[in-house]
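Dear colleague,

Please find below the structure that I am handing over to you. My notes on it follow directly after.

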Protein chains: 2
Amino acid sequence: MADARAPGNRRRPRQSDIARSAGVSQATVSLVLRGAPTGMSLAPATRQRVIAAAEELGYVPDPVATRLAAATNAMLGLYTFSATFPTDVAHSYYPILVGVEEEAAAQGQDLILFTGSARAAARADDPAAVRRVRVADGCLFFGRHVPAEPVRRLVEDGFPFVYIGRRDEAGVPYVGADYVSASADVVARLAAAGHRKVRYLREHDQALASVDREDGVLRGARDAGLDTLVVRTDGSDLDALLREWLDAGVTAVVVEQTDTGAALAGLGAAIDRAGLRCPGDLSLALLGAPTGTRGSAPGGGAAFSGFDVPMRAMGRGAVRLLLRLIAGDLEGPSRRLLPCEPVEGGTIGPPRPPNRTTGRA
Amino acid sequence: MADARAPGNRRRPRQSDIARSAGVSQATVSLVLRGAPTGMSLAPATRQRVIAAAEELGYVPDPVATRLAAATNAMLGLYTFSATFPTDVAHSYYPILVGVEEEAAAQGQDLILFTGSARAAARADDPAAVRRVRVADGCLFFGRHVPAEPVRRLVEDGFPFVYIGRRDEAGVPYVGADYVSASADVVARLAAAGHRKVRYLREHDQALASVDREDGVLRGARDAGLDTLVVRTDGSDLDALLREWLDAGVTAVVVEQTDTGAALAGLGAAIDRAGLRCPGDLSLALLGAPTGTRGSAPGGGAAFSGFDVPMRAMGRGAVRLLLRLIAGDLEGPSRRLLPCEPVEGGTIGPPRPPNRTTGRA
DNA sequence: CTGAAAGCGCTTACAG
DNA sequence: CTGAAAGCGCTTACAG
C-alpha cells in the first residue's frame, strides 16, 4: 500500500533505510538513535556509522510509530462539562487552562481537548461521549456539574483521571481549592474590622464549590459570634433586600462568586442604584476573584476584598497528580485542597455608624 | 510487555478482545466498527454481535494505532508558535480558540493541543517538535512568527495544515484577516472627518500582520492625499514625539495593535501625561481591537475607533478549510482573507483647530 | 556487542 | 460474507 499520508511525495527515510545504508539491523538503528537501555553498550564504530547515515538521509523519527511502540501516547485528556472556552462567563476558568497547559508542556505531554460537551449538555452525560477520553493516557475533568454514571465506569475500568475541583465521591482523585477555610477567613476579617451583622448572598446553584463557601461562611460566623444569614438570589431585584438589610443594621455583605456572577452583578447594581459607597456605607467581600479582568467594586471602584482561587496552581497540580496516577503510583495522596490567597482589596472597612444617613439617594 | 499505559489497571480493550468476545476475527471487528468499504457488506447478525461486544467492553479505538495504519482519527491539531494560552498578553487570541473549538465540536472533531512551543522558542523550531502534529489528521498553525523549515517539511510530506493568519509562502493554506483594506478604511474615515495630517505609530516587530496594516495605512493615505508618516516605537518615552506632532499640526494618530500592545500603551501614557483629551485634542484610531476586555481610550475613556479582527470567524473558517484539505479536496480556494468589521468607537472626531491651546498640561 | 523476532493496535487488500 | 496475512514504523526483550 502506498503511504496515504504523502501522495506523490518521496517517502521519508525510516530506520530500515538507515540500517541498510549503515550495514546494521533496523533494531540496532533504534538502539543507537534512541539511546541504548541501561547496561547495554554499542560499538563506537557502529554508532558512528548509524549516526552518519541518519544524518545523511535526514532521518526524523515518526512520532506516531514511536508512540504506538512505546505504548504511551503522551497525551492527556481534558474533558469539560461545559464549554472548554466559555464565551459568556468572562473567561472565568482561563487560568486553569493556563496551568494545565504549562505543566503539560513542562512534562512533555500534549493535550486532547474533548469537544462537544459545550454544545449539548445532553451529550456530556452520554457515557459514550465520556468514554472517548480513554484515547488519552489519562484525563482531567472539570466543570461545576458532573454526571456521575459515566465517571463511575471509568473508575471501574481503572482509567486514570483527576478532577479539577473537589469531589464528594469516595476514591475520586482531585485537586481543588480550600473554599471552606478561605471563606471562614473572609468572615473573620470582617469580624476583625468590627462588623457584627453580616449577610451572605449566594445563588441557587448547588455545586460543591458553593456548598463549601457557605460552610466556610457559617463556620467563620460561628467562630466569631456574628449575626449571619444566608440569602439566595438569582441576582434580580435586590433593591428592597438591600434596603431591608441596611435598616436592620447590616454593615457587611459577603457574596458568592460563580460562573455567571449573577449574585454579584445584581448586588452591585442595587448598590449603585441606592447611591451607596463601598466600604463607606457598606463593606463588601467576594468569595473568589471577580470574573472580569478588572473587577472594580460598585460605589467606589476599589478592588474587591476576598480571596484568590488558585486556578493556575490547580491546573498544574492536577496534571502532576494525573501523571503520577498514570505512572501507577497509587500510594501518595490523591486528593489535594490548595489554599486560597487572601486578597486585601479595598471594600472592607469599619462598619458604618448606625445613625449616619444612608447614601446620597 | 505489560501495558505501560495503565500498570495495575485493567487493560484497555482492543479489537482482538471484541473479536474473541463476539466470536469473529479481529479484521471483521475493524470492518464493522469503522464501516466496511464501499461494496462490501457484513452479515447483520455479525454486526450486531460486534457492536454489542464493543459497547459492553467500552471499546475506544486507539488514535495512535489508527493513524499509523494510515487512517484518520477525527482529531485536529493546534500548534501555536507561542503559548496557546498566553498569560501576559491579556488573552488576546482567546477568541480564535473559541472559534476553533466551536467549529471542531460542530464537526465532531476533537482537538489536540501541542504544547511546549510556549516554553522554549528553540523547541518550536525543532522539526521533530513540529512533526509530532502528525498524530492528528491535520493541523492548525498559529503565531506571529513561524519557523519556515519544519513547516516546509510538512508541505513536502503532503500533511494537511492551515495557518490562522495570512502567510507569504507560496501554496500555504491560510485563513487570515484583510488588514490592508481595514487599515486603509480607517485612514479614509479620518480623512472624511477632516484630518489632513496623521501619523502612524507601529512597533518594530516585522510580522506579516504588521506589514499588512502599514500597507493599508499607506494606501489609505495615498488615496485620500493625506500627509502621513510611519513611526516605529517600542512604546517608551513618547512624550517628546507627541509634542512634536502636535506642534507640527498633526491632528490624528493611528496605532498598530499587537500582542504586547506596547505602542498603544506608550502612546496612551503620553497622552495622559500631556493632559490631552480624545478626540477633542487628538483623534485616535486603533488597527484592531484592544487587547484588554474593555479598551477605553486615554483622555476620555471612550471606546477606540478602528476595526474588529474577526478572530472567532478565523478560527471557525480555519477548521472548515482544514477539514476540506483532509478530505482531499485540493480544488477549492485554500487562502481566505476575512473582512474586519469597522468599529465606530468614540475616538475619531473633527480635527482640533490649529490655534487652540493644547491640553491643560 | 548486534541480529532476528515479536509486538504496539489498527487498516486494507486478498483469498476463500 | 469473513478470515488470514501483511503492513504502518517503531521499541524491547531475547538469543547469540
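Predicted model: local features only at pLDDT ≥ 70, side-chain atom pairs only at ≥ 80, totals over all residues.

I begin with DNA strand C, where a phosphate oxygen is 2.9 Å from a polar backbone atom of A:Ser25. This is a polar contact, meaning a pair of N or O atoms within 3.5 Å; within protein, one atom must be able to donate a hydrogen and the other to accept it, and residues adjacent in sequence count only if both atoms are side-chain atoms.

Residues are numbered from 1 along each chain as its sequence is written, chains are lettered from A and ligands numbered from 1 in the order in which they are written, and side-chain values use heavy atoms, with hydrogens and water left out.

DNA strand C is surrounded by 28 residues, of which the closest are A:Ser41, A:Thr46, B:Arg14, B:Gln26 and B:Ser30. Of the atoms of DNA strand C that come within 4 Å of the protein, sugar and phosphate account for 70%. A residue is counted as near a strand if one of its heavy atoms lies within 4 Å of it. The surface near DNA strand C receives the most from α2(B), which gives five residues. Helices here are DSSP runs (H or I, at least four residues), numbered from the N terminus. By class, this surface near DNA strand C divides into 16 nonpolar, nine polar and three charged residues. Ala, Val, Leu, Ile, Met, Phe, Trp, Tyr, Cys and Pro count as nonpolar, Asp, Glu, Lys and Arg as charged, and the others, Gly among them, as polar.

Turning to DNA strand D, 25 residues surround it, and the closest are A:Arg14, A:Gln26, A:Ser30, B:Ser41 and B:Thr46. Sugar and phosphate make up 69% of the atoms of DNA strand D that come within 4 Å of the protein. An N or O atom in the side chain of A:Ser30 is 2.5 Å from a phosphate oxygen of DNA strand D. With five residues, α2(A) gives the most to the surface near DNA strand D.

Finally, I describe one pair of helices within chain A. The axes of α1 (residues 15-22) and α3 (residues 44-57) of chain A come within 9 Å and cross at roughly 120°. Axes are lines fitted to C-alpha atoms, for helices over the stretch in contact, and angles run from 0 to 180 degrees between N-to-C directions. The two helices α1(A) and α3(A) are therefore oblique to each other, a term for angles that are not under 35 degrees (roughly parallel), over 145 (roughly antiparallel) or 65 to 115 (roughly perpendicular). In the contact (heavy atoms within 4.5 Å), α1(A) supplies A:Asp17, A:Ile18, A:Ser21 and A:Ala22, and α3(A) supplies A:Arg49, A:Val50, A:Ala53, A:Ala54 and A:Leu57. By class, the contact of α1(A) with α3(A) has six nonpolar, one polar and two charged residues.

Yours sincerely
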